[in-house]
Amino acid sequence: MNRQEIDALVKQMNVDTATGPVDERVQQITVRLLGDLFQAIEDLDISQTELWKGLEYFTDAGQANELGLLAAGLGLEHYLDLRADEADAKAGISGGTPRTIEGPLYVSGAPESVGFARMDDGSESDKIPTLIIEGTVTDTEGNIIEGAKVEIWHANSLGNYSFFDKSQSDFNLRRSIFSDQDGKYVALTTMPVGYGCPPEGTTQFVLDKLGRHGNRPSHVHYFVSAPGYRKLTTQFNIEGDQYLWDDFAFATREGLVATAVDVTDEAEIAKRGLKGPFKHIQFDIELVKEQAAAPTTEVDRRRASA
């Protein structure tokens, strides 16, 4: 079939058959995607076996709860970020800390505090270096933002995230810190490590077929929000990781690379109330003021809650 015949067939099956109320947006998207799929079947001569194996794959990936991981691994999330950047530019919005992907591992309801939080439960204190992350939340003109909600989450020394890894305590390495009167937030935690996709999982299955690895560099995730400002979804990747610019999820962006500095000065250690050397990352955040008719930065998607 040519495209005209395909579009007529799709319309006949999915538009002309309607006998009740229609969600026009769902109909529009369904018709377009089916038309594109039918055209791909024609162009690539996709067999029935290949099609059904593809459907079986999505069933397996859904049951394994890996579709969010697949979206990151195939570059879909990064592509959406690039589109959002372009939409901002067209709306005259510029500046601020760069956005990057959320990933599939956020959990709502993390403990809240003002100015400071310890994120780890102490179970890995002897296994991995202590890390202090701190920064100041401002607007793009340098004005301090008090009361900004800084949500932070990252992996443990095995590259696993609490809630999804049932061996960890509730909300381990997950906190929400409201910036203090000076706009500052401080997180006492442990050094995160990168992780790889489950080697026998559905995402790595596809990546293997594409000849790609499934590794992420060491990184820390953020949601940052404040009344009157555009919500920021971002993360920093840590300098020195072998996958820093080879992130399978394409999340590393200029302006989002942090350096972990070794701190051995005894006075500084004592000031922090620690017993030995630690690593320090400075990650300041700039939020952009909300504007009328600007593209939304809120994404309505299913997220874990605990």
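The legends below describe close-up views of charged side chains in a predicted model. Residues are numbered from 1 along each chain as its sequence is written, and side-chain values use heavy atoms, with hydrogens and water left out. Local features need pLDDT of at least 70 and side-chain atom pairs count only at pLDDT 80 or more, while totals for chains, interfaces and linings use all residues.

**View 1. Salt bridge between R3 and D36.** A salt bridge is a side-chain nitrogen of Lys or Arg within 4 Å of a carboxyl oxygen of Asp or Glu; the model has 20 by this rule. In the R3–D36 pair, the N to O distance is 2.9 Å. R3 belongs to helix α1 (residues 3–14) and D36 to helix α2 (residues 24–44), so the contact ties together parts that are 33 residues apart in sequence. Helices (H or I, at least four residues) and strands (E, at least two) are DSSP runs, numbered from the N terminus. R3 is partly exposed, at 30% relative accessibility, and D36 is also partly exposed, at 30%. Here buried means under 20% relative accessible area, exposed over 50%, and partly exposed in between (1.4 Å probe, protein chains only).

**View 2. Salt bridge between R301 and E77.** The closest N and O atoms of the two side chains are 3.5 Å apart. R301 sits in the loop between β13 (285–287) and β14 (304–305), and E77 in helix α5 (residues 76–90); the pair links distant parts of the chain, 224 residues apart. R301 is partly exposed at 28% relative accessible area, whereas E77 is buried at 12%.

**View 3. Salt bridge between D85 and R99, and its network.** The D85 and R99 side chains meet at 2.7 Å, N to O. D85 lies in helix α5 and R99 in the loop between α5 and β1 (107–108), 14 residues apart. D85 is partly exposed at 26% relative accessibility, while R99 is buried at 16%. Through salt bridges that share partners, D85, D88, R99, R230, R253 and E290 are joined into one network.

**View 4. Negative surface patch.** E5, E42, D43, D45 and E50 form the patch. Patch residues have over 30% relative accessible area and no salt bridge, and like charges are joined within 9 Å. Lys and Arg count as positive and Asp and Glu as negative; His and the chain ends are not counted. The place of a charge is NZ of Lys, CZ of Arg, CG of Asp or CD of Glu. E42 is located in helix α2 and is partly exposed, with 38% relative accessible area.

Key
Patch = residues over 30% accessible without salt bridge, like charges linked within 9 Å, V, L, I, M, F, W, Y side chains within 5 Å. Areas by Shrake-Rupley, 256 points an atom, 1.4 Å probe, with all protein chains shown as cover.
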